[in-house]
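This report describes a predicted model.

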Amino acid sequence: MPRLFALPAYRAANVVAAYASFGSELETSEFLARALADGKQLLLPRINRAQRALELCQVGDPDADLIPGVWGIREPRQRCPVLTRAQVEFMLVPGVAFAANGARLGYGGGFYDRLLAALERGIPRIAAAFELQMVDELPEGPHDERVDSVITEK
């Protein structure tokens, strides 16, 4: 992930939204710790079941502030304050697969597509993935949201 930290968009951001990795996703614990060490305000998603949406919550210590949520994915405890999407200045986006054009395949619930659609235009949407997650193309529907760039280990 060192290439992520060198991105001008990351360096310029004061408020960074990311995610706690799950399953076979690229491990994000280093990114979360570094964002906090860099003095960034760190926001992580929590599922709001009533609204079928992700809310972004401020996290100060991932070890203390995260608990297993829906599907076992770690998410912020209820005590973590919800911030508005308008505050996000950089977003690290998860996915199962990515194409060079920025198309992404998620887990099928549409949670991230709805979150990305609600972000201010121009907010950098960056994915960190393994090279093997890159494909030539992905099917896209009308509600699918792309990322601006995918950073891999290569």
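## The largest pocket

The lining of the largest pocket is made up of 15 nonpolar, six polar and seven charged residues. In total, 28 residues line this pocket, and Trp71, Ile73, Tyr107, Phe111 and Tyr112 are the ones that lie nearest its centre.

The volume of the largest pocket is about 570 Å³. As background to such a value, rolling a probe the size of a water molecule over the atoms shows where empty space is left.

## The largest nonpolar core

In soluble globular proteins, nonpolar side chains tend to be buried together. The largest nonpolar core of this model has 42 residues. Within this core, Leu4, Phe31, Val88, Phe90 and Met91 touch the most other members.

Several helices and strands each supply at least two residues of the core. The helices are H1 (2–6), H3 (29–37) and H5 (111–118). The strands are E1 (15–17), E2 (41–48), E3 (53–59), E7 (90–93) and E10 (125–128).

## Glu89

Glu89 sits in the loop between strand E6 (82–83) and E7. Its relative accessibility is 31%, so Glu89 counts as partly exposed, a class that lies between the limits of 20% and 50%.

Leaving out residues up to four places away in sequence, Glu89 touches Ala12, Ala13, Asn14, Val15, Ile123 and Pro124. Gly102 is 13 residues from Glu89 along the chain, and the C-alpha atoms of the two are separated by 19 Å.

## Asp65

Helix H4 (residues 62–65) contains Asp65. Is Asp65 buried or exposed? Asp65 counts as buried because its relative accessibility is 11%, and buried means under 20%.

The side chain of Asp65 has two polar partners to note. A polar atom of this side chain lies 2.9 Å from the backbone nitrogen of Gly60, and the side chain of Arg79 makes a polar contact with the side chain of Asp65 at 3.0 Å. When neighbours within four places in sequence are set aside, the residues in contact with Asp65 are Val59, Gly60, Glu75, Pro76, Arg77, Arg79 and Cys80.

Conventions:
Residues are numbered from 1 along each chain as its sequence is written. This is a predicted model: local features need pLDDT of at least 70, side-chain atom pairs count only at pLDDT 80 or more; totals for chains, interfaces and linings use all residues. Side-chain values use heavy atoms; hydrogens and water are left out. A nonpolar core is a set of buried Ala, Val, Leu, Ile, Met, Phe, Trp, Tyr and Cys residues joined through side-chain atoms within 4.5 Å. Buried means under 20% relative accessible area, exposed over 50%, partly exposed in between (1.4 Å probe, protein chains only). Helices (H or I, at least four residues) and strands (E, at least two) are DSSP runs, numbered from the N terminus. Contact means heavy atoms within 4.5 Å. On a 1 Å grid over the protein atoms alone, a cavity is a set of points where a 1.4 Å probe fits but cannot get out, and a pocket is an open set with protein on both sides within 12 Å along at least five of seven lines; lining residues have an atom within 4 Å of a point. Grid points are joined across faces, edges and corners, and a volume is the space filled by probe spheres set on the points. Ala, Val, Leu, Ile, Met, Phe, Trp, Tyr, Cys and Pro count as nonpolar, Asp, Glu, Lys and Arg as charged, and the others, Gly among them, as polar. A polar contact is a pair of N or O atoms within 3.5 Å; within protein, one must be able to donate a hydrogen and the other to accept it, and residues adjacent in sequence count only if both atoms are side-chain atoms.
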